[in-house]
Structure formats: structure tokens, C-alpha cells
Amino acid sequence: MEVQKILVMTGGGDAPGLNAVIRAVVKRAVLGHDWEVVGSVESFNGVLDDPMRIVRLELSNVAGLLMRGGTILGTSNRGGPFESPVRRPDGTIETVDRSDELIRRLHRIGIDAVVSIGGDGSQRIAQALYEKGLPIVGVPKTIDNDLDATEMTFGFQTAVETATDAIDKLQTTAESHDRVMIVELMGRDAGWIALSAGIAGGADTILIPEIPFEVDHVAMHVKRRRKAGHHFSIIVVAEGAFPLGGTALTVKEREPGRPNPILGGVGRWLGDELEARGFPETRVCVLGHLQRGGVPAAMDRLLATRFGVAAVDLVAEGCFGEMVALRGDDIVSVPIRDAITRYRTIDRDHNLLRTGRGLGICFGDVVPRS
Ligand code: F6P
């Protein structure tokens, strides 16, 4: 099949570096292959809407995009072609499968291949569309770094930079007031952001979903630090972390067309528990969407750019159903299927965890020596 026109879309929560991928895709497709590139606005919604929201992407559209956060195409983390939300006459929402219609519409506008930039949800959709015969390749994105089959997703390193900067700032105010400062970070059910930023920012305690914690251990660690002359403490808690025997706290449950609940609240909960254990000067900071915004870090721009070029090359080689991935220092391709079979969490013997334990950081499962 000779490719002449490709469609690119960004799906799921935004991540710094999305625009850098779009730029790289357009440059490689136009300069390397003379293809036409179009973008679907707000994930696949742009193709499914009437009138369609499809934009032509030329070199002039992507100039200056490298350092711009967000995505010029817009994105959506609910619905999708297999679970497209439709409002019933009684006001409730039901979801319908519009995947066949999506493929028909793509044919109608002459799309030869699709580049899907997204996290696990978007790659699941990409795999299902591929199984229905759509020529599609994947580019792994998420600040959570939880996609399997790639050693890193773009967006993660910027989120870690932002979170580390926040911890640095909290250190000075915590020290001035002899306070326990809790900072709640994103990451869904994986602790990559919390563990990385926690170590980089010099946190005393790091709580991640992979290690259920005991509040008494955390309190004891703070107490021991005080005895040792350190009158303030920085506790980093991942939004998906939970106490032993408990479950992660949510601020919003699953909804039709949205497979994941919105996590949050563990920082406040832990603050109350510590106050009840004799630490009234406990303060909580929820970093939230600051971790998703802003200028992408240089390393994310690089990874995003390498992924974008490699994705176009996959299309040129006809390697559909494949996703670009970082392996060592190389960009390789893996079946999209491999990226979505397993959720990538932190192994108990991961070097970052061993490093943290070696530094005397408390992970809430035991009380380390202070
Ligand atoms: O997956 C990225 C992420 O930022 C998670 O870390 C977080 O749990 C979730 O998205 C928040 O989603 P929303 O932007 O819909 O609130």
C-alpha cells in the first residue's frame, strides 16, 4: 500500500511533549516522504463529529511547537470510538460502539494510516482498531510512566522536574516552621513520579501504591528524626498510595466512557492521621495538574522527537499494530499489544527503591534508622 495521507491524534490526559511529537511527525512525513498530514481534534472525536474537526498540519503549523506544553490538537480522556457517550432522552449517558463508523469515515477522507499518541487507554483503542484492520501505529505518552514495553514515556521527566522543584520549595518553608509537610503527587496506580521526585528532592518519607504503608511507621519515622535533631519532615505521597489493608482514595468514581476513577485525598487523610498522633503542625500540598502543564523538559522534547520520527518510519515500513518504545539508548518498535497487557509498576527490588532505602527514606512498611 502506498501511503499518501496520514492522520495524527492525541488521546488521554495531556503530557508535556505532545506538541514535540506532532512536530516531529509532520516534519518527517513531509520532508522525508512528501505525505499529507492531518490532525483529528480532541482525540478521535474530530473524526466522529459532524462536521468533522480535521486540521491540515503543514510545516508552518508546527514551527515553534517544540517547547510548547499541552497539545495543539486538543485531547480527551473519556469516551473513544468503542465507548462513545450519547445522551439519552431522559438525560442519562449511555455509551455506543462507533468504531466501524470511525474506520469508514477515515476511509472517506482518504487516510492511509493513523499515528495514535497516547497512554494505556489510547493504546488499547489503537490495538482494537488495528484488530479491525485499521493501519495504525502507537506513540507512548503519559506523565505516569506506567506503560509497559517502553523504558520511559515522554512527559514523565517534566512531571518529575516540576514535582522536584515543588519539594525543594517546601523544604525551606517546612524547615522555617519545624513542620511536617505532605506533598501529594500524581501517577495513578504507579509510584514513579513520587519515587523519582521524592529521592531527587530529598524527601524523608515516600509513600507509593506499590508499598502499602502503616501510618504508625510514618509517625515513628518523623518522631525519630526529631530526636535526631531534624525538626521538620517532608513526606511525598503518591495519589494512589494507600494504608495496609485499605484502598486508594478517590475524588470521583468511574463514569460511563471513563474507565479510571480520579484519585486524590490521601495527602489530607494522612495529614489528619498525623495530627491525631501529635503532629499539629502538619500541612498538605496537592500539586495536581501543575505536573501536567508547562514547558517540556529537554529530555522529554528529545524523547518525544525521537518517537515522532520513528513512528513515521514505522508507517513507511508498513509495521502497523506496532508502537515505538525506548529500549536502552535505542528507539525500537514493539507490538502495541505488549504495552497494554500489563500495567508497569515499580518492582520491589527496583534500584530506585534500593537507593531510597539505602538513604534511610521511610516507605511506610518499616521504620528505618534515622
Ligand atoms: O494519567 C495522567 C494523570 O495525570 C494521572 O496522574 C492522574 O491520576 C489523572 O491523569 C488525572 O486525570 P484528570 O486530568 O482527568 O483529572
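Student: Is D50 buried or exposed?

Tutor: D50 counts as exposed, at 65% relative accessibility. Here buried means under 20% relative accessible area, exposed over 50%, and partly exposed in between, with a 1.4 Å probe and protein chains only. By the way, this is a predicted model: local features need pLDDT of at least 70 and side-chain atom pairs count only at pLDDT 80 or more, while totals for chains, interfaces and linings use all residues. Residues are numbered from 1 along each chain as its sequence is written, and side-chain values use heavy atoms, with hydrogens and water left out.

Student: Ok, and which residue meets D50 in a salt bridge?

Tutor: R105, at 3.1 Å from N to O. A salt bridge here is a side-chain nitrogen of Lys or Arg within 4 Å of a carboxyl oxygen of Asp or Glu. The two residues sit 55 apart in the chain, D50 in the loop between α2 and β3, and R105 in helix α4. Helices (H or I, at least four residues) and strands (E, at least two) are DSSP runs, numbered from the N terminus. R105 is buried, with a relative accessible area of 6%.

Student: How many salt bridges does the structure hold?

Tutor: 22. Another one joins R188 to D120, with the closest N and O atoms 3.1 Å apart. That pair spans 68 residues, from the loop between β8 and α7 to helix α5. Both R188 and D120 are buried.

Student: Switching topic: what's the strand order in the open sheet?

Tutor: The four strands go β9-β10-β8-β13, with parallel pairing. Two strands pair if DSSP finds at least two bridges between them. β9 and β13 are the edge strands, each pairing on one side only. Five bridges join β8 to β13, and I182 has V284 as its bridge partner in β13.

Student: And which residues of α8 are buried?

Tutor: V215, V218, A219, H221, V222 and R225. They're on the same side of α8, because they cover an arc of only 155° around the axis, going by the directions from the helix axis to the C-beta atoms.

Student: What do they pack against?

Tutor: β8, β9, β10 and α9, where contact means heavy atoms within 4.5 Å.

Student: What follows α8?

Tutor: G229, whose phi is positive, near 100°.
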